[in-house]
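Got the viewer open and the chain loaded?

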Amino acid sequence: MSANRRWWVSPEDEDSVCKKLLRKTRESPLVPVGLGGCLVVAAYRIYRLRSRGSTKMSIHLIHTRVAAQACVVGAIMLGTVYTMCSDYVKRMAQDAGEK
C-alpha cells in the first residue's frame, strides 16, 4: 500500500473562503461580476415580489432563477471572449515578432 498523504489536507493548510474568493478574482475577474449580477437580479425580483399581480409564485421564482442564471452565463461568456481575444492578440504579436 502506498503512503499517499496528500488525500487529507490539514486545517491550517486550507484556504479560507475569503482567500479562495480573492484568488478566484485574480484568476478570472468576471467571477465577482457574475456573482454580483446574480445577487442584484435576485434582490430586485424579491423586491418586486409584492407587485407580481396575478402571476403564480412558482412562475415568478422560475423567472427570477432564469434572470439570475442569465447574468452568470453572460459574465462567463464575456470572460471567455476576452480571454480568446487577448490570446489571439498575443499570438499575432508573437507571429509578427518572429517575421
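Start by selecting residues 67-85: the span is 100% helix and 0% strand, with its end C-alpha atoms 27 Å apart. Bear in mind as you click around that this is a predicted model.

Zoom out and color by secondary structure. Switch to a surface view if you like: of the chain's 99 residues, 9% count as buried.

**Stop one: H60**

Select H60, which sits in helix α3, residues 57-98. Is H60 buried or exposed? H60 has a relative accessible area of 5%, so it counts as buried, the cut-off being under 20%. Show its side chain and look for the backbone oxygen of R45: the H60 side chain reaches that oxygen at 3.0 Å. Next, display what surrounds H60. Setting aside neighbours within four places in sequence, H60 is in contact with R45, R48, L49, R52 and T55.

**Stop two: Q69**

Stay in helix α3 and move along to Q69. Its relative accessibility is 41%, so Q69 counts as partly exposed, a class that runs between the 20% and 50% limits.

**Stop three: the largest pocket**

The largest pocket has a volume of about 180 Å³. To center the view on it, select S28, L30, V31, A75 and G79, the closest to the pocket's centre of the 13 residues that line it. Which elements give two or more residues to that lining? They are α2 (30-47) and α3. Helix α3 supplies the largest share of the lining, six residues.

Color the lining by residue type before you leave: the pocket's lining residues divide into eight nonpolar, four polar and one charged.

Terms used. Residues are numbered from 1 along each chain as its sequence is written. This is a predicted model: local features need pLDDT of at least 70, side-chain atom pairs count only at pLDDT 80 or more; totals for chains, interfaces and linings use all residues. Side-chain values use heavy atoms; hydrogens and water are left out. Helices (H or I, at least four residues) and strands (E, at least two) are DSSP runs, numbered from the N terminus. Buried means under 20% relative accessible area, exposed over 50%, partly exposed in between (1.4 Å probe, protein chains only). A polar contact is a pair of N or O atoms within 3.5 Å; within protein, one must be able to donate a hydrogen and the other to accept it, and residues adjacent in sequence count only if both atoms are side-chain atoms. Contact means heavy atoms within 4.5 Å. On a 1 Å grid over the protein atoms alone, a cavity is a set of points where a 1.4 Å probe fits but cannot get out, and a pocket is an open set with protein on both sides within 12 Å along at least five of seven lines; lining residues have an atom within 4 Å of a point. Grid points are joined across faces, edges and corners, and a volume is the space filled by probe spheres set on the points. Ala, Val, Leu, Ile, Met, Phe, Trp, Tyr, Cys and Pro count as nonpolar, Asp, Glu, Lys and Arg as charged, and the others, Gly among them, as polar.
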